[in-house]
Amino acid sequence: MNLKQSFRMAFKSIRSNRVRSLLTMLGIIIGVAAVIIMVSVVRGSNQQLRAYYERLGNNRITVSAQQWGGRDISQTLYDYCLSLGPLVLGVTPDATTEGPIIYRDKNTEDMENGSPTIKLGSAQFSLCNNFQIEKGRDLCQMDVQSGQQVVVLGERAARYLFNYQNPVGKTVLLHGHPFEVVGVYRAKDPDSEYSMDNMAVVPYTLNRLLNRQSTLDAFTVRAASSAATAEVSSRVSGFLKGQIDTERGYFSVYSENQDAKASDDQNRMMSMVLGGIASISLLVGGIGIMNIMLVTVTERTREIGIRKAIGAERRSIIVQFLIEASMLCGIGGILGIFIGYLGTLIVGKLLLNMILYPSMLITVGAFVFSVALGIGFGLYPAIKASGLQPVNALRAE
């Protein structure tokens with residue numbers, strides 16, 4: 001018997017017992033669909049986290065330092081970070097102030113998701129935080145040195161205050177003080193409820209005017225590369241150890257690359273765990289395949305006896321039953337892939353609010369594994385069928 005005949009007979013056997021075959025495939029269908037959906041959703045979540053960190057800006061280092069009752073080291077720390085030369089792309093204080101931004105009858109305290117965060121930064125604020133100018137200009141060194149009352153608005157704050165008007169050149173009130181709008185940042189987080197674009201930046205030298213203090217205790221440093229991030233973190237930590245008595249102050253140096261790596265590792269582990277849990281359904285389905293193939297061997301004992309009596313080899317009988325088992329699993333795998341694709345689209349939209357497609361690697365891997373499962377669990381029934389003695393098989397009812 002050639003392979004074409006074997007496939008035809010296997011298909012005929014499956015078709016003649018449709019309900020039983022479908023119930024047998026159910027474990028494979030559920031297993032394949034579950035693996036595809038779970039792994040794809042974790043992968044989509046990881047993509048969202050990566051995109052979030054990219055919007056924040058890669059290779060950022062957050063530095064906090066304060067000496068209680070002692071000298072102000074903020075300027076010393078700022079100058080040291082700048083002195084690291086090619087290792088550092090930019091440095092900016094990371095200070096904030098509370099209060100509404102007012103333009104005519106518009107007050108940001110009335111915004112649906114809260115008033116914008118007002119940042120006090122240097123001329124390198126946008127470089128350190130991955131913002132780009134859409135209209136007007138950015139803060140410049142002259143603004144910072146002379147303490148000019150100028151502000152650059154985030155896209156969401158600008159849209160609320162000015163709607164379709166061009167904000168550049170207009171005057172807004174911060175803490176009751178007039179500030180000229182010199183620029184608007186391009187939106188980088190437009191779909192988020194609490195968007196990064198709901199912010200405004202003023203020169204950090206206005207800290208005394210807006211916060212009634214001149215001390216700055218937090219900075220954001222943008223390193224030139226991932227390798228430079230580790231070196232800059234180490235150097236800044238060493239510098240601060242020599243500057244601050246930990247009994248009378250504190251300091252911390254933290255790279256957001258650590259968060260990104262931890263998230264990657266966590267998602268990879270979650271993907272493996274969820275994939276492993278879903279794979280249990282495939283194993284249960286494989287046991288169902290073995291069970292139904294043993295039943296098939298019993299039902300077709302006389303047929304096997306006749307084939308062996310007229311000279312059929314053991315190998316051809318083994319191949320026949322393995323083809324039937326692998327076809328059951330293969331059809332179940334295809335149905336599982338279809339359901340997995342549909343489920344991934346639905347779950348991705350509901351949980352992550354994104355259009356999510358399973359990767360080709362996961363899809364092909366799930367199908368190949370399902371067919372391999374059929375061969376593996378169908379092997380014992382096939383060997384049992386091929387070992388039947390013709391005389392005993394022909395006596396079977």
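I began with Asp143, which forms a salt bridge with Arg137, and I noted 2.7 Å between the closest N and O atoms. Since this is a predicted model, I record that distance as a computed value.

Next I asked how many salt bridges a search of the whole structure finds.

In helix H6, which covers residues 155-162, I found Glu155 in a salt bridge with Arg159, with the closest N and O atoms 2.8 Å apart. These two residues are four positions apart in the helix, so about one helical turn separates them. For Arg159 I wrote down a relative accessible area of 42%, which makes this residue partly exposed.

In helix H8, which covers residues 226-243, the side chains of Arg235 and Glu231 meet in a salt bridge at 2.8 Å, taken from N to O. Arg235 and Glu231 also lie four residues apart, and therefore about one helical turn separates them. I checked both partners for accessibility: Arg235 is partly exposed at 38%, and Glu231 is partly exposed at 34%.

As a reminder to myself, side chains of opposite charge can pair when their charged atoms come close.

Conventions: Residues are numbered from 1 along each chain as its sequence is written. This is a predicted model: local features need pLDDT of at least 70, side-chain atom pairs count only at pLDDT 80 or more; totals for chains, interfaces and linings use all residues. Side-chain values use heavy atoms; hydrogens and water are left out. A salt bridge is a side-chain nitrogen of Lys or Arg within 4 Å of a carboxyl oxygen of Asp or Glu. Buried means under 20% relative accessible area, exposed over 50%, partly exposed in between (1.4 Å probe, protein chains only).
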